[in-house]
Amino acid sequence: MPDLPATMTAIAIREPGGPEVLEPREIATPEPGHGEILIKVAAAGVNRPDTIQRMGLYPPPPGSPETPGLEVAGDVVSTGPGVTLWKAGDKVCALVGGGGYAEYCLAHEAHALPVPKGLSMTEAAALPETFFTVWTNVFERGALKAGETFLVHGGSSGIGTTAIQLANIFGAKVIATAGSAEKCAACEKLGAHAAINYREQDFVEEVKKLTDGRGADVILDMVGGDYIPRNIQACAADGRIVSIAFLNGSTAEVNFMPVMLKRLTLTGSTLRPRSIEEKAALAAALKAKVWPLLDGGRVKPLVDTVFPLADASKAHALMEKSSHIGKIVLTL
């Protein structure tokens, strides 16, 4: 790798624990293997799975870096054997299995997408993890269609702000839940038909009111726990409930009679362990159906706060405080 340093700065997890266990460390600069590109990272997105990995509860898949970070944006500086999609100098954002909190990061060539027109590297770094997640869960597993009602919990999160915009632009009626008046207002500004403050209102009752008793056709849930049976209550006949995280726990006591009577589909997925081919298919779908919207300025990631890489611990502390609206990003 000509002109590249032998070592680089990356954020290491000293031991499982709180944000303070994140620390800069010098490690070897990775070399791209077959089908891989090496990206000089300009910015890296911060996501909830990163905090769970830091606590020792979400180990990286076999072969993935121990360094956290699931999405990056930057310049391609080197390519491995067999790479045909990218060349040195291309500006990309990419979904990665880990290693994003570093000066250089490897990505499979098929998991990278061009930085959309008009977006900064900081904004581009906020795209891959959330857009891949929303596309596969809302539009593929949830099969959301124009004219349907879509309920998204955590509407002010990175996932939520993305889901609101995409569901709205593809013709769905969007209802979001959030934990403050400020967050609810942000959801409505992004295109939500209504936003429910879950601290003050019962989302089941409010969804029923907003849909004349029908309920939501698709529900995207990252809360779990007691939301699981309540989602079933809030779901319309032939509805689909998609779980992507369990902030309140993954177990609940559920009466399945409404599931049967309303012909509901309960599904969910994780993104990180999926195969190279599956992630490549998602990237291709996004490039065809969503990237033109980003290029045209019709959809845009919402970035709340930006920290330098060395302050990754502060970024994680903010993530866990949950006061942010949109994405948190690290820059180099």
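In the predicted model, six strands form an open sheet in the order β10-β9-β8-β11-β12-β13, and their pairing is parallel. From one strand to the next, the twist averages 20°. Four bridges, in the parallel sense, join β13 to strand β12 (residues 235-243); among the bridged residues, S243 has G268 of β13 as its partner.

Helices lie across the sheet strands. Helix α3 (residues 128-141) lies across β8 (149-152), β11 (216-221), β12 and β13, and runs at about 160° to β13. Helix α5 (residues 181-190) lies across β9 (173-178) and β10, with an angle of about 165° to β10.

Five aromatic pairs were found in a search of the whole structure. For W135 and F139, the ring centres are 4.9 Å apart and the planes are at 25°; the pair is therefore stacked, since planes under 30 degrees apart count as such. Both residues belong to helix α3, where W135 and F139 are four residues apart, about one turn of the helix. W135 and F139 are both buried. The rings of F203 and Y227 also have centres 4.9 Å apart, but their planes are at 45°, so this pair is tilted. F203 in helix α6 (residues 203-210) and Y227 in helix α7 (residues 227-234) are 24 residues apart, and the pair links distant parts of the chain. F203 and Y227 are both buried. Ring pairs also link W135, F139 and F170 into a cluster.

Charged groups are placed over two tyrosine rings. The charged end of R230 sits over the ring of Y227, 5.2 Å from the ring centre. For R272, the charged end sits over the ring of Y58, 5.3 Å from its centre.

Methods
Residues numbered from 1 in each chain as written. Predicted model: local features only at pLDDT ≥ 70, side-chain atom pairs only at ≥ 80, totals over all residues. Heavy atoms only, no water. Pairing = 2+ DSSP bridges. Helix = DSSP H or I, 4+ residues; strand = E, 2+ residues; numbered from the N terminus. Axes fitted to C-alpha atoms, helices over the stretch in contact; angles between N-to-C directions. Contact = heavy atoms within 4.5 Å. Phe/Tyr/Trp six-rings, centres within 6.5 Å; stacked < 30°, edge-to-face > 60°. Buried < 20%, exposed > 50% of the residue type's maximum accessible area, 1.4 Å probe, protein only. Lys NZ or Arg CZ within 6 Å of the ring centre and 35° of its normal.
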